[in-house]
Amino acid sequence: MFYREAGDFKTSYRDDNQTFPIRLDRAGYWIALFVAFCVIPFFVNDYWVNSIFAPFFIYAIAALGLNILTGYAGQVSLGTGGFMAVGAYACYKLMVAFPDINIVFHVLIAGGITAAVGVAFGLPSLRIKGFYLAVATLAAQFFLVWLFNKVAWFYNYSASGQINAPERSVFGIVVTGPNTEAWAKYMICLVFLVGVAWMARNLTRGMTGRKWMGIRDMDIAAEIIGVNPLMAKMSAFAVSSFFVGIAGALFFAVYLGAAEAGESFGITKSFLVLFMVIIGGLGSIFGSFAGAAFMVLMPVLLKNVLVGTMGWPTEIAAELEFIIVGGLIVIFLILEPHGLAQLWRLTKEKLRLWPFPH
Amino acid sequence: MPEQLLFAMEVTLNGLMAGVLYALVALGFVLIFKASGIFNFAQGMLVVFAAMTLVGVQTGQIPFAHLINTIFGTKVHHFGWTVPTILAIIVAGAAMVFVAWVIEKYILQHLIGQPDIILFMATIGMWYFMHGFAPLMWGSEVMKLDVGLAQGINETIDTTTYNWFGYGFFIDNLDIVAAIVAALLVTALVLFSQYTKQGRALRAVADDHSAALSVGISLRFIWVLVWSIAGFVALVAGIMWGSKSGVQISLAEVALKALPVLMLGGFTSIPGAIIGGLIIGVGEQLFEFAVGPLVGGATQAWFAYVLALVFLIFRPQGLFGEKIIERV
């Protein structure tokens, strides 16, 4: 009844190709942006930012990155945690070495450095495919974490082996360090997320994205019709690692404030982001958001219900979380291999017909 | 003989022994991959789960004691008995067959015909599930596994090598037992697949699913069978590994090293798994011995993966893998 496209005429190809073809969706998108930028920042407190918004935004960036690599270009990666660590440590070194430069540039350059590292580890993907590649990316994961743990230069020879984010500000507003206001944290993550999502959407619907999808669906066939596999795979690794690097930099500098490679960027992080992508939906921008939201909210909810309300030990809640996440992955793969994004698509189809069944 | 060389020899021997353990885990992967084309990421977790179940049964722990206590406010822990080792091993083996049946019936049945990568991710889901389920069932403390295997330094080797070189090698008895058990296990598997009806059916399925179906082999039965065998292999690996370092969930992450072993040996080759295991075991020990001190140590964390990665660039199908043929 409400979700209709009647009277929503498209008179040009441009209209036809837009991201939100239905007027109601466009309105919803602008409203969501308005609420996110102009309403929520005035109401958030530390708890909401630290346990929900900041991790959601940052994981959404990482999930977008992995989704480009795995969902669009079809290269399974288990090295996301390692690449996030590259972003974090690059950002740290830059923040300490060039305190006068704006942190936004540090984060972007950290992303660029991660992109270079990602391309280096992605090179074998030209020869190694499928499962073999998934295991090969584990090499990146374990090697990078070991590197940041063992080579003292990366953490500036600090005694604890940790890296701590110094206080930096954007336009005079402190965004890192312990004195950050909740809304400033929120805003910087949001700005990066919107920028990254905009880039991801426009890359994936253009020629680059179609090349990636060609490689994903069948790389030899794609090569025969003129897609250069080297360029396509490397660009996928570069863009993906760029996003993941940004996520890592923000995760360390804005969200955690202090990090240690093995603990913050271990293999569990790689799995977590991979699960976001699977649950959200492979090859879908919206799916990356949905998956990240789901995987951030579910543990918070579980913890609140089990530990907060029912008084269970946190240990059991953590174990149940593993069971639920693992079970959900399997259930999703069986019932809906295309994830939450597909569910959302189906819901929209149903809504467009409602209340008339035909 | 120069001392360095002696050390290197000792390190190599110990590496060989460690490699046997990797090979045991890798064996389970290969069996499943050959029979069903599924890359079973959860094999390492099966190892942990098998070992935990064994210890739990042996010491008479009540399953889910922690959960029961929390829900009902009781204070149960143990049944108050200990089960003889042989019986406990049989019970744990039965549990692994049950796990195999559950996996086949409730997961794999529903995923037939899906792309391989979806099945791979489903096994990652299983890995995660068991990561929570195993400690929920048996508690999350480090469990001590003792099935009466010989442990400690092997005196004979120590004295013999001392008499030969003037330097006694430190070889753990347990490692020797592990090597013997692994050899027996592989022999048994080979005999099974060559000379029994089920073994032949298994090889037929590994060769060609649809051809096997058309001559009347039940795919479902074979899959349950092969997952059970993999579970049994996991139990053996769990016993060896658990006796060595205690049973805890983080063992599964060490067991991930079976993956580079597989890549090196080729996913479809049982000899490949063994030889790959030995290469990785020796390689990482020697690398740590020779290069480790220069770069800060603990290179075992990544050496296996990087070695496999570099190796694969030159030979993408692994040492003994079948040649990869791609068609449009």
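**Note on a two-chain model**

1. Start with A:Ala36. This residue is partly exposed, because 17 other C-beta atoms lie within 10 Å. The terms work like this: a residue is buried if 20 or more other C-beta atoms lie within 10 Å of its own, exposed if 12 or fewer, and partly exposed in between, with C-beta atoms placed from the backbone. A:Ala36 sits in helix α2 (residues 23–39) of chain A. Helices (H or I, at least four residues) and strands (E, at least two) are DSSP runs, numbered from the N terminus. The C-alpha atoms of A:Ala36 and A:Met187 are separated by 8.9 Å, although the two residues are 151 residues apart along the chain.

2. A word on the source. This is a predicted model, where local features need pLDDT of at least 70 and side-chain atom pairs count only at pLDDT 80 or more, while totals for chains, interfaces and linings use all residues. Residues are numbered from 1 along each chain as its sequence is written, and chains are lettered from A and ligands numbered from 1 in the order in which they are written.

3. Next, the record for chain A. An unreviewed UniProt entry gives the annotation "transmembrane region" to several spans of chain A, including residues 27–44 and 50–69. UniProt positions are given in the numbering used here, feature names are shortened, and annotations may be inferred rather than shown by experiment. In the model, residues 27–44 of chain A are 72% helix and 0% strand. Their end C-alpha atoms are 24 Å apart. Residues 50–69 of chain A are 100% helix and 0% strand, with end C-alpha atoms 28 Å apart.

4. UniProt (unreviewed entry) places "transmembrane region" at spans of chain B, among them 176–196 and 217–241. Residues 176–196 of chain B are 95% helix and 0% strand, and their end C-alpha atoms are 29 Å apart. Residues 217–241 of chain B are 92% helix and 0% strand, and the ends are 35 Å apart by C-alpha atoms.

5. How many residues of chain A are in contact with chain B? The count is 40 residues of chain A against 42 residues of chain B. Two residues are in contact if their C-beta atoms, placed from the backbone, lie within 7 Å. On the side of chain A that touches chain B, the elements giving two or more residues are α6, α9 (219–224), α12 (267–280) and α14 (314–335) of chain A. The largest share, 14 residues, comes from α14(A). By class, this side of chain A has 32 nonpolar, three polar and five charged residues. Here Ala, Val, Leu, Ile, Met, Phe, Trp, Tyr, Cys and Pro count as nonpolar, Asp, Glu, Lys and Arg as charged, and the others, Gly among them, as polar.

6. Look at two loop residues of chain A. A:Asn156 is not a glycine, yet has a positive phi of about 50°. A:Asn156 lies in the loop between α6 (131–150) and β1 (163–164) of chain A. A:Asn156 counts as exposed because it has 12 C-beta neighbours inside 10 Å. A:Phe171, also not a glycine, has a positive phi of about 50°. Its loop runs between β2 (169–170) and β3 (173–174) of chain A. With 7 C-beta neighbours inside 10 Å, A:Phe171 counts as exposed.

7. Is A:Phe242 buried or exposed? A:Phe242 counts as buried, because it has 26 C-beta neighbours inside 10 Å. Helix α10 (residues 229–256) of chain A holds A:Phe242. Leaving out residues up to four places away in sequence, A:Phe242 touches A:Gly111, A:Gly112, A:Thr114 and A:Ala115.

8. B:Met52 is a buried residue of chain B, with 28 other C-beta atoms within 10 Å. B:Met52 lies in helix α2 (residues 43–58) of chain B. Not counting residues up to four places away in sequence, B:Met52 touches B:Ala134, B:Trp138, B:Met143 and B:Val247.

9. Helix α8 (residues 197–207) of chain B has B:Ala201, B:Leu202 and B:Val205 buried. They lie on the same side of α8(B), because they cover an arc of only 105° around the axis. The arc is that of the directions from the helix axis to the C-beta atoms. The buried residues of α8(B) pack against α1 (3–36), α7 (173–195), α9 (209–214) and α10 (219–245) of chain B.
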